[in-house]
Amino acid sequence: MPFESGSFDFVFCRFLLEYLPDKQRAVEEMVRICRGGGKILLQDLDGQLLWHSPEDPELQQTIERVANRLQVPVFDPFVGRKLFNLCFEAGLAR
């Protein structure tokens, strides 16, 4: 990102990581531009809208076809469950 290290007190990222090819690098950049003691807030998909109750087989087939097409090449509808590890790997302890 075109910002100096430690430029921001608060970094907010919502519904972006699901589309990025290098999610780890993006989180590392967010950590870099956030000042020490600042806050980073990440929000993203974790399979939302992929299942319904009561289940409708025709709707479920359509949803699966759409989700499969979106995954090529980088869309990840389950990135939400990976956020903790992405942050941990970027050096965040809390």
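Predicted model: local features only at pLDDT ≥ 70, side-chain atom pairs only at ≥ 80, totals over all residues.
How many nonpolar, polar and charged residues does the lining of the second largest pocket have?

1. The lining of the second largest pocket has 12 nonpolar residues and 3 charged ones, with no polar residues. The pocket holds about 240 Å³ of space. Of its 15 lining residues, Met1, Leu20, Ala26, Glu29 and Met30 lie closest to the centre. Strand S1 and helix H1 each contribute at least two residues to the lining.

2. Met30, one of the residues closest to the centre of that pocket, also belongs to the largest nonpolar core. Leaving aside neighbours within four places in sequence, Met30 is in contact with Met1, Val11, Cys13, Leu17, Ile40 and Leu42.

3. The largest nonpolar core comprises 14 residues, of which Leu17, Val27, Met30 and Leu42 touch the most other members. Two or more residues come from each of strand S1 (8-14), helix H1 (23-33), strand S2 and helix H3 (83-89). The largest share, 4 residues, is that of H1.

4. Leu42 is located in strand S2, which spans residues 34-43. Leu42 counts as buried because its relative accessible area is 14%, and the cut-off for burial is under 20%. Not counting residues up to four places away in sequence, the contacts of Leu42 are Cys13, Leu17, Val27, Met30, Leu83 and Cys87.

5. A separation of 17 Å lies between the C-alpha atoms of Leu42 and Met1, which are 41 residues apart along the chain. Met30 is in contact with both Met1 and Leu42.

Methods
Residues numbered from 1 in each chain as written. Heavy atoms only, no water. Buried < 20%, exposed > 50% of the residue type's maximum accessible area, 1.4 Å probe, protein only. Contact = heavy atoms within 4.5 Å. Core = buried A, V, L, I, M, F, W, Y, C linked by side-chain atoms within 4.5 Å. 1 Å grid on protein atoms, 1.4 Å probe; cavity = no way out; pocket = protein on both sides within 12 Å on 5 of 7 lines; lining within 4 Å. Points joined across faces, edges and corners; volume = space filled by probe spheres on them. Nonpolar A, V, L, I, M, F, W, Y, C, P; charged D, E, K, R; others polar.
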